[in-house]
Amino acid sequence: MFNLPSSSSNLISLKGTIAVAAAWLIGLGLTLLASEHVESSLSEMLVAVCVGSGLIALAASLPGALIEAFRRKPVAGSPDRVLPVTAGFFVGVLIRLAGTVALAALCRYQLPASSEQIAAAILLWYVYLTAVEVVTLAFALSDYAFQKRDSLLSSGREFAEPSRSKVNPSVQ
């Protein structure tokens, strides 16, 4: 029914999920260190926003990784490779949006910190984790594009006749 790709290096969205998880763990460690040096209400807010934002970011990155991992193998040479990444990313954006609004509401009503502090912390985590995912996906997609181009060139296909211009055949 479902085929896992033979090479895990081609799982573009999984790379984004792993990068987000690693960035979140680094940020969690830094947040825990920082929370020891601030007042308790601010410390509580920092840890709550950190944990909530990380869970939201991981939940938002899972649709792309799952769609990509469990879809049927595309026909060789089809441009269908990018579709799961983009579809998963947009589903992830919706999850991230709903989760961030819910996190803001929960923190506002449950934590003694001011609304501005909560909003600033949530915005900081949102931008940080989203930027990590977008940059990772961009690098992974560009790596995939270069691999695809190299495989087409090594298979003997040429994109254009190098000795003649297709636009102006008289130019050589």
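A residue counts as buried under 20% relative accessible area, as exposed over 50% and as partly exposed in between (1.4 Å probe, protein chains only). The model shown here is predicted, so local features need pLDDT of at least 70 and side-chain atom pairs count only at pLDDT 80 or more, while totals for chains, interfaces and linings use all residues. Residues are numbered from 1 along each chain as its sequence is written, and side-chain values use heavy atoms, with hydrogens and water left out.

**View 1. The whole chain, for orientation.** The chain has 4 helices and 0 strands (DSSP runs of H or I with at least four residues for helices, of E with at least two for strands, numbered from the N terminus). Of its 172 residues, 32% are buried.

**View 2. The aromatic pair Trp125 and Tyr128.** A search of the whole structure turns up 1 aromatic pair (Phe, Tyr and Trp rings, the last by its six-membered ring, with centres within 6.5 Å; planes under 30 degrees apart are stacked, over 60 edge-to-face, the rest tilted). The ring centres of Trp125 and Tyr128 lie 5.7 Å apart with planes at 70°, so this pair is edge-to-face. Both sit in helix H4 (residues 115–154), 3 residues apart, or about one helical turn. Trp125 is buried at 8% relative accessible area, whereas Tyr128 is partly exposed at 33%.

**View 3. Ile26 on helix H1.** Here is a residue from another helix: Ile26 lies in helix H1. With a relative accessible area of 55%, Ile26 is exposed.
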